[in-house]
Each structure stands twice: as structure tokens, then as C-alpha cells.
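These are my notebook entries on one structure. I record what I looked up, one topic at a time.

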Amino acid sequence: MISLLPRCHGVWLTLVVVTALLLFSPVFADDEAFITADNLTDEHVLAAIDAIVEGLYDRQHPEHFWERGAGRGAGGEHQGGGYTALVALALLHAGESYQSPRLREAIEYLQRIELQGTYAVSVRLSLWANLPPRFEPNLRADAQWLMDGFSEQVGSWTYYQHPDTTRRDNSLRQFGALGLWDAGKRGVRVPSAIWHAIEGELLEMQTLEGGWNYTGSGPATGSMTVAGLATLLITQDLLHTDAYRSLRTTTPTAQQKGLEAAWQWLDEHFSATENPNRSEYFYYYLYGLERVGLAGGRKYFGGEDWYRLGAAELLRRFCRWDVQTRTMHLHSQVGGDGARIRNDDLAFGLMFLSRGRLPVVINKLRDPSIRWNNRPRDAANLAIWIAGETARHVLWQVTDINAPSEQWLDAPLQYFSSNEAISWAEDEDDERWRNLKEYLDLGGLLFAVNEGSTRAFANSIEATGRAMYPDYEWRTLSPEHWAYDIHQPVNRHRPRLRALSNGVRDLIILAVEGDLSATLHTRNLRNTTHYHTASNVYFYASELDRPRPRLSVLRSNAPRSDEHWPRATAISGTIVQAQYEGNWNPEPRALEAFVRWMNARDEVEVTLKTHPLAEIDTIEPKPMLVQVRGVHSKQWTEREQHAIERYLENRGIILFETVGGMGDFAEKAEFTVQQMLGTEARPASRSRIVTGDGLRYGLDLSRIDYRPYTMNALGSLETTSRLRGITIDGEFRAMFSRDDLSHAMLDQPCWGINGYSTDSARRLYRNIVLYAEAHANSDG
């Protein structure tokens, strides 16, 4: 077939399904652990990347680097230098510096030699596009080589430079298009006639089922369909941007129909273990799958997580996981005893693993009941802008309104745009309404953008917010709001924004007018205020650019693999959330998350209940802990004050917390309880609640971590808990946390939260629970 592409070695035996117990003790015969898509973590992927990188360097030849003579397949004799270019490109994507001695010599070699083949030149062109400006002469020379060798007659290239070729080749077309696209992003002008010819021939060669084959005959294959899709996505970006500016309903174009048919083919034929309809070129297929998955913002194909499944399959073929050293050992043969693993196999696999694990910064919300994708490149272009602001590669993806809300937490920001009203705005029985509400309660932020000149979508978003949070009010943002200055100041022509807040953080930011979507989609960089405002929303939601790698997302608050402290056993009790008139529960899922985490982490049975604050002194049986949460100061009723005093006198333990850490709730509660009891509060930093001394299963929290906002914005360098308390009979009964604990339990980023990191908050609250349980079961 082609010179740079790998040979698929078939599908091996189905992986053994491991039980949940074995996931926590994954050592088998020969010290091997079975890594599957279900238990795959970012740690595994990083270890595999390290092993592949070192393995490729071990295979490097001192004179001709990663070349292997004639390339495999037809046309291979023309592709000298291509293997070295491919490996060097993969190493760059894996994070290797072009200045490192081991890679620098290969790059210098590629600068010296003259390449003769389309594959080789195309890959080297992509390499130059990923290097600093001093390589621009090399980049322009290879780009010109490809343009000189392009055949407008067939919209493609042949294996060598021959502009009159009549060869129709979807694989060569993809490599050439990718190279020129990369060159275009670095300032090389590529005539639009080339892109029109590429698109026209590509659509003509598309099969009736929506896929592509190699040269125009035979059934569509996975590797050629992702090649066709990748190329169509490029031409969509370069040729059809303005076609989506207008919101008038139009008949789909041939390009739009081709894209939709191709996505459908891939959904129906997706596989992570073989190249669909082809017994070879599996690694090349995965490389293409990664490209279209990332470019098209797709997390799933055929309902399956393509990256998680593909990464697990690559690790099965390439590596062995050493549980003791937590490192990967690279096989020389597939699965340890199969066909030989080639350099290009490793290079394609390395690019799949490295590029696919990048953090997802934006989710674009898909709601098929409205026109949710009027501008298909708006979120993608915002992600590109953010990548430029942060000087690193990032991803975006589409999430479905009907998918479980925890899947939306892959990214810190959920982007939702339309010109049409949502029909479920006030229907709390609708699954979409419940999903969005749960996402917001779990710590998410919705960035809603009204498209066009009408306010239908904006009005329905405001109605949704009022239905979900009737106690909170929408407000128009002032010029001093973080959305206009958290990262890039927006001093002129600010887009009008509205917001809904729970008092701790903004839940929804709504761009009411100005049609930010059109600006983002068309890459109108003259209107930088729209880009600055939209990226400011991202920086707020991501806690100043702290997104997670793809596989490091929240998973139902499960215990983390690096927690090796003693497991508490034979403990049970109830935590009561005290309810009062006002904002008593601004983060309603926080304590649920903590209880779920502690019950999974320890062998305990902690339950959570809600009870009126005015009646906490009458609860039977008495709970081990009552928590009273709020944001701003609260004037307690006489009955509430009486209940607090009686509860404390009856040896109850109560915790007051300022959720978010920016209000004065706990400070005013401390003053009130001091007046009530006639006793001064004092720091609890030396108590067993914090030190763990004498506290069964307790942890030493003499050093803790605070949130970035606390450390940076407030200038705090403290590593000691600032928990305070009032003692009665020598024991802390009333505790006061002016620093946030609750939002931290959600394990979600957000700027402006003053308090503990997630790990420190969980551990401190765990100590408080253990202390309260021990106190409740003491003789008194």
C-alpha cells in the first residue's frame, strides 16, 4: 500500500476481565498486571509514553537514525528519510525537546538530506511546522515541493513529485493535505485551488456507505475513512467558514453531507482492536482515528470512548506494566510473543497516546432538539486561542445533553450556543434539565452564547436558571467582574454578559448579545474582545489554567491510588446538614461527595441527613456531627440560638463553615457562639483534630495545602490549618472554618475559592468525622 504505514498483526485473545478486588491488588503470575480500558489511568499512559520514547532512542542508528532501507508497500523505494521524520515528529508530540542531543542529531540529519517521496516530504513538513521559526526555510522548501508536485486533475499526489499523475490515492492525499495544512498555520500561502481540488476528488471517491477505500475500488476501510474525514475537516476549516456565519436555514452542502455520512460510517464500524475491513495498517488507522477524534471534538465513536479503548489496546500490544516499580517495559514483539513491533508502529502509537491524553479545555454541549451547532468551529477555535494563550496543546470535544452529567466534567468549561430556545427550560422532569442541574451542582460552569439578533436562546437560558435556582438572581456583570480582567483585560467594547451565582461561584455565564459564536467560528481576530472575554471564562473555570489530562477526570469521587493511610473500620454515624432560612446549602453535592469518598476509602458507614437548625437539639439519636454552612453572615433566630446552645451543652459537636471562603459566615458564627457560651475560640492547629495524635485512624495534617487563589491572590504562604474552635470540658465542641471545605469536596477547579485543596479538605474533614465519632462514643 504505502511506504510509511504499519502492518496490522491481527486481533489477539480477548483480555481477561478483572474483578474489582483485583483492581486493588493487580499482581498476577510473572508480576504482570492486566490493564484494560476500565482500569486504565493517565499514570499508565505516561509510563507507556516514557517506555516507547526510550525504546525508539534505543533503536536509533548512529548514521541513518530510524531508516530501514526501502519502505514497506508500493512506492516505498521513494520514501527515504520518511521513517526518521515520522519518529522525530512522534518524539516531539511526546514532549521531547528538539534541542536534546538524541533528537537534535536526527533533525540535523533531516536538514541535510534531500527527500524524494511525497510521504517523506509531507511528514518532514509537519515536523518543521512544530519547530521554532529558524526552521522556516526548511518548512517553505518542503511546502513548495508539495505544491509543485500536486496534480489538480486528481486532487492528490503520487509517490514522488509528478504533477501530471492520474493516480487517485486517499492515503497520499491525506499526508499531503496534513503537511500543507500545518504549513498554512505557519504562514505559508497555499492556493485555494489546491484545497478545492482535494475536496472535490475526495467527495467523488466517497463510497455510497459514507467511507473511503484506498484508490477508488473495493469496500471502505477504517484507515482510509479516517484519512478522508481528516482531510474533509481541513477543507471545512479553510473553505467553508463563511458559509456558517448566516443562521438562515439552508440545504446542506455536498461537503456537509459528506462529513455526516463519514461520521455515521465510523460510528457503525468503529473498532479499537483492528483496522475495520482491512487486516493490516492498524497503527496507521489509530493515528488517523486520533486525528479525526480530536479535530472533530469526538469523545465517542459508536458509543465507545475511542481514546480509552485504543490506548488500552496499544498498551496490551506494546508494554508490560510492572506493579512494583510502576513502570512500563517495552516489548519487542506484539504482546510479548507476536509479530515484531516496527519503528513506525511505535511512532504512530506514540502520537496516539501523546496527543490523545492532552487536557480537554472546552466541552461543546450537543442538544439535537435545537440548532446547537450553527457554527461548528466556534469551540474548536476558542480552544486554539487558549492554546496560544497558554503556550501548550489543548483539546475540545462535544458532549451530549442526554449523557450522564459526570461525563461533562472532562473539561472545566461547558459551552452551549444556539439561536433557538430550549424547550425544556422549566421542566424539571426532563432528563436534559436534570443533567444540566446535576452538572452545575457537581461544580461545573456553563458558558451559554446567544447567537444571532434575537434573544430566544438567552431568554430560555435565564428561565432555566430561575427554575433550577429560584433563590438566586440573574445579574448583569459590571466592568470590574472577573470575566473582563481575570487573564486579559477587556476595557473597550465589552460583550454584555449576565450571570447566575450561588454565592460561592458563578454557575452560568450568558453572553446575551454580540454573537460571540460568529466571531469564534470565523476566526475574526480583529474582534479580540470576544476572544479575551471567552478565554477569561475558561481561565476562571479552570482555576487559572489547571485542566486535567483526559484520563485524570473525576470518577464518582473514588479513592485515589496514591492514598496509603490506615483504613478506618467499624465506624458508623450520621452527619446532619443544618437547614435555615437563607443560603444554607450553596454547594448541595459537596457533603454527598465527601460521604461517598469516605465510605469507599474506609470501611465505614457514614450517612448524611438534613434537619432544621432550630431543632438540632431534639434529634434522636444524636448525630455525631452537625454542619452549618453559609456564605455571608446570618442573624440566627432565638430558637436557632437556643438549639445550638442546647446541642453543645449535650456534648454535641458542630462545625460552621464559610463555603467558598470569601464571605464572613464562619467569622460571625464564631462571634455569636462566643457570646452565647462566654468562651473564646482559639486555633485548633495543635489539637488532635489536626495533628492526628491519639485519634484512631487519624492523619497528621500539621502541613496542609491551600487552593491556588489562597496562595496567590491573598499572598498566603501558610501550610498550617486555620481551623478554630471553642472547647467545653477540654474538648473542641464548636469548630469554625473560615476557609472553604465544601467546594473542595467536589474536586473541580474554579478561581476565587479561598480554602483547602481537595486532598487536604477531604483529609481534614475525615479527621473531624473521626474525632466526632470518638467523642460521641466516649463515656463523657
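I note at the outset that the model is predicted.

**Entry 1**

I then looked up how covered the helix is: 14 of the 14 residues of α13 are buried.

**Entry 1: two helix pairs**

At what angle do the axes of α4 and α5 cross? I found that helix α4 (residues 101-112) and helix α5 (residues 118-129) cross at roughly 125°, and that their axes come within 12 Å. In the contact, Ile-107, Leu-110 and Gln-111 of α4 meet Arg-124, Leu-127 and Trp-128 of α5.

I next examined helix α7 (residues 170-185) and helix α8 (residues 192-205), which pack at an angle of about 150° with their axes 12 Å apart. Angles over 145 degrees count as roughly antiparallel, and α7 and α8 are therefore described in that way. The crossing of α7 and α8 is left-handed. Among the residues of α7 in this contact I noted Ala-177, Leu-180 and Trp-181; the residues of α8 that take part include Trp-195, Ile-198 and Leu-202.

**Entry 2: a hairpin**

I turned to strands β3 (residues 319-322) and β4 (residues 327-330), which run antiparallel and are joined by four bridges. Asp-322 stands opposite Thr-327 in β4. The two strands form a hairpin with four residues between them. In the turn, I found that Arg-326 has a positive phi of about 55°.

**Entry 3: an open sheet**

In what order do the seven strands of the open sheet lie? I recorded β6-β5-β7-β8-β11-β10-β9, with mixed pairing. The edge strands, each pairing on one side only, are β6 (395-400) and β9 (474-476). Neighbouring strands of the sheet are turned by 25° against each other on average, direction ignored. Within the sheet I looked at β5 (residues 360-366) and β7 (residues 414-418), which run parallel and are joined by two bridges. Lys-364 stands opposite Tyr-415 in β7.

**Entry 4: residues in loops**

Where is Ala-391 found? I located Ala-391 in the loop between α14 (378-390) and β6. Its phi is near 60°, a positive value in a residue other than glycine. Ala-391 is exposed, with a relative accessible area of 69%.

Asp-729 lies in the loop between β17 (724-728) and β18 (731-737). Its phi, near 55°, is likewise positive in a residue other than glycine. Is Asp-729 buried or exposed? At 72% relative accessibility, Asp-729 counts as exposed, because the cut-off for exposed is over 50%.

I placed Gly-694 in the loop between α22 (688-691) and α23 (708-712). Gly-694 is exposed, with a relative accessible area of 73%. Gly-694 and Tyr-771 are 77 residues apart along the chain, and their C-alpha atoms are separated by 9.8 Å.

Lastly, I looked up a cis peptide bond, which joins Glu-620 and Pro-621 with omega about -10°. Pro-621 is found in the loop between β13 (603-612) and β14 (625-630).

Terms used
Residues numbered from 1 in each chain as written. Predicted model: local features only at pLDDT ≥ 70, side-chain atom pairs only at ≥ 80, totals over all residues. Heavy atoms only, no water. Pairing = 2+ DSSP bridges. Axes fitted to C-alpha atoms, helices over the stretch in contact; angles between N-to-C directions. Buried < 20%, exposed > 50% of the residue type's maximum accessible area, 1.4 Å probe, protein only. Contact = heavy atoms within 4.5 Å. Parallel < 35°, antiparallel > 145°, perpendicular 65-115°, else oblique. Left-handed = near helix turned anticlockwise from the far one by under 90°.
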